[in-house]
Structures are given as C-alpha cells and as structure tokens.
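Here is a short tour to read alongside the sequence and the 3D view. Please keep both open as you go through the points below.

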Amino acid sequence: MNSQVLQLNPILIPAINDKLASRYTVHKHFEAADGEAWLRAHGASVDAVITGGHTGIPRAMLEQLPGLKVVAVNGVGTDAVDLAYCRARGLPVTATLGALTEDVADLAIGLLIAACRNLCAGDRFVRDGQWERFPQPSAIPLARRFSGMHVGIVGMGRVGRAVAVRAAAFGCPVSYTDLRAMDDVAHRFVPSLVDLARDSDALVLCAAADKAEGIVDAAVLDALGPRGFLVNVARGRLVNEADLAAALTAGRIAGAGLDVFVDEPRVPLALRQSDRVTLQAHRASATWETRTAMAEMVLDSIAQALAGERPAMSLTT
Ligand code: 8YV
C-alpha cells in the first residue's frame, strides 16, 4: 500500500503536487468536508504530515496519528508545533532551513521602503484619480529617506543577518538585539529592546516567536518614537497589536510595514484603516523560486523519514 500523507496546507507549485501524488496517497485536509471524521477513521494509517510554518499542527491532532513518521513543516518557523512532545515521541519535525532567507529579507526591505516612502498611499492617490483632482505637489506629504537610516534588527538569525547585509548596502548603520551577542556578527549588539528602539529609525522584527510574545509593546513603540518605523516579517505575536494600532493612530510612531499578524487572516480594522501602514498577507516567502525550493525540501524530508533515515532537516531527532 502507498504511504499516506496528510497535507494540512496547500502547496502552490503544480510540479510538486504531481510528484506528491505520484509517490503517495495524499489526503488534502484543507479541502476535506469533514476532516475530523476522516482523522477518526484513517488517522492510524497516516505516515507523514505536511504543514505550514505559522499554522503548524495541534498537539491533539498529533495524538490522533500514532503511526506518524515525520511532520514536514513547509516553512522555517516551528513555533506552532509542540517540539518537546515530538522529541519525546522520537518524531522528526523538519523545517525548510535556509530556503526562504533571501526572500524574507527582500520583503523586509521592500516593506521598509514602502513605509518610509508612502508607496501604497502614493499608489492609491494615483489609482483613485486624486492626482488629477489635486495636481499641486503639496497634495502628497513629503516622505522619509530610507538610505542611511539607523536600522535595529530584532533577532540576528539567518533572516536578521540577510536584512543587515541589505541595510548596510543602503548605507544604514545596523544594530541588533537577540538573546545574546554573537561573536560572528560585526554589528553593534544592544541587550535591551527598548534601548535598541530608542537608537533606531527603523526596527525590523526577524525573531522566532516562541520566547518573545508581545515584546514590542507601548514602551518599545514610544522608544522608537514619532519618526520611527516598524517592520514585521517574523510572527504577529511578537507585537502587542493593540499597542501598535494605538501608536499608529496617535502618530506616536511614523509607520509600519507588516507581513504577519496575531490572528491571521484577521487584521485589526485600525491597521487596515491606517494610511501609515503597508500590509501584506504573510507572503514573505511566496515566490516561485523559494516556494519550489521549500517544497522540494519537504519532499526530501518525507522520503528520508519513510525510508527509515533521520531527515537531514530534522529539529527533534
Ligand atoms: C510561510 C512562514 O508563509 O516559514 C515560515 O515559518 O511563516 C512562512 O514562510 C509558511 O510557512 C508557508 O507555509
């Protein structure tokens, strides 16, 4: 009998879906009319799970899959998987380490430039016919220069480092905070997030969320100040969204570029209504190149686990 793969999130690359279908019996849980009933009837025969980075898999579902040999996360964040439980069970949880670094860093800089230069408000101004109605230059407020801004990076992992390379190329002095200073990073380490925010024109969030929920709160935003910008390409949970909405509405920070939110796909109205915010639908890794590379890694991890090997990208075994 074919090995059974339970797929919790869609993969948007047809060639990968073809490969999956040719190798395994794939159950697309996200399309199932009654996923719960399917799990009760077939959970015991599932060999592999494919899921997304920020969606993960609930512990209760893992418990319904006693024969599972691998959880292949199609992403780099594993904060939505109970790693301790999987470790205790000897269950490999794999991630697509390194595959999405460049794209996420690209989008961080894109969002930052969009926020500083009011790109989306400018687009709306032209698109809505406002430019024709108000042709005088004063109709659009002046923006802020990105080149040379002090950039503070929160989380100096793969993505943080890639953002630092790009910011440095724009002539931006870079500082960072993390759990500890890193010997192989030449940029200035600032132990306190509030101090980093105070020293920065732009704060870019690149940290894992598991130990850092709500770290960007009113105190951090006030330290960033009315000329400061916030970019988040990591996890929505890093930010206290109510504090962020209040700070944006009152002009206590200058603007934000956000790819991630606390309760996706729900985005607070105050953020959706603010002209100071550039929004994306959690798409930092969503290019053909990266999503293909990620999905190939998922295929490799499943093949390795089902062949009885330890998957090269396993974080738990
Ligand atoms: C993806 C992510 O959007 O890698 C992650 O942790 O959050 C994103 O790259 C997601 O995993 C796609 O499934």
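Helices (H or I, at least four residues) and strands (E, at least two) are DSSP runs, numbered from the N terminus. The model is a predicted one: local features need pLDDT of at least 70, side-chain atom pairs count only at pLDDT 80 or more, and totals for chains, interfaces and linings use all residues. Residues are numbered from 1 along each chain as its sequence is written.

**Helix α13**
- Just after α13, Gly308 adopts a positive phi of about 85 degrees.

**Overall fold**
- The protein chain holds 13 helices and twelve strands.
- Its radius of gyration is 22 Å, close to the 20 Å that the globule rule gives for 317 residues, so the chain is as compact as a globular protein of that length. The radius is taken over C-alpha atoms, and the rule is 2.2 Å times the number of residues to the power 0.38.
- The C-alpha trace spans about 70 × 50 × 30 Å along its principal axes.
- Buried residues account for 43% of the 317 residues.

**Domains and core**
- The domain assignment, from an automatic or database source, gives domain 1 (4-99 + 288-306) and domain 2 (101-279).
- The C-alpha centres of the two domains are 32 Å apart.
- In the largest nonpolar core there are 92 residues, and those with the most contacts inside it are Val49, Ala108, Leu112, Val163, Val204, Leu205 and Val233. Such a core is a set of buried Ala, Val, Leu, Ile, Met, Phe, Trp, Tyr and Cys residues joined through C-beta atoms within 7 Å.
- Helix α5 (residues 101-116) supplies the largest share of this core, ten residues.
- Domain 1 and domain 2 both give residues to the core, so it lies between them.
- Leaving aside neighbours within four places in sequence, Val233 is in contact (C-beta atoms, placed from the backbone, within 7 Å) with residues including Val104, Leu107, Ala108, Leu205 and Ala284.

**Backbone details to look at**
- The peptide bond from Glu264 to Pro265 is cis, with omega near 5 degrees, and Pro265 sits in the loop between β11 (255-258) and α12 (269-273).
- Asn118 has a positive phi, near 55 degrees, in a residue other than glycine. It is found in the loop between α5 and α6 (119-127), and counts as buried because it has 20 C-beta neighbours inside 10 Å.
- His282 also has a positive phi, near 45 degrees. It belongs to the loop between β12 (277-279) and α13, and its 19 C-beta neighbours inside 10 Å make it partly exposed.

Definitions and conventions. A residue is buried if 20 or more other C-beta atoms lie within 10 Å of its own, exposed if 12 or fewer, and partly exposed in between; C-beta atoms are placed from the backbone. Two residues are in contact if their C-beta atoms, placed from the backbone, lie within 7 Å.
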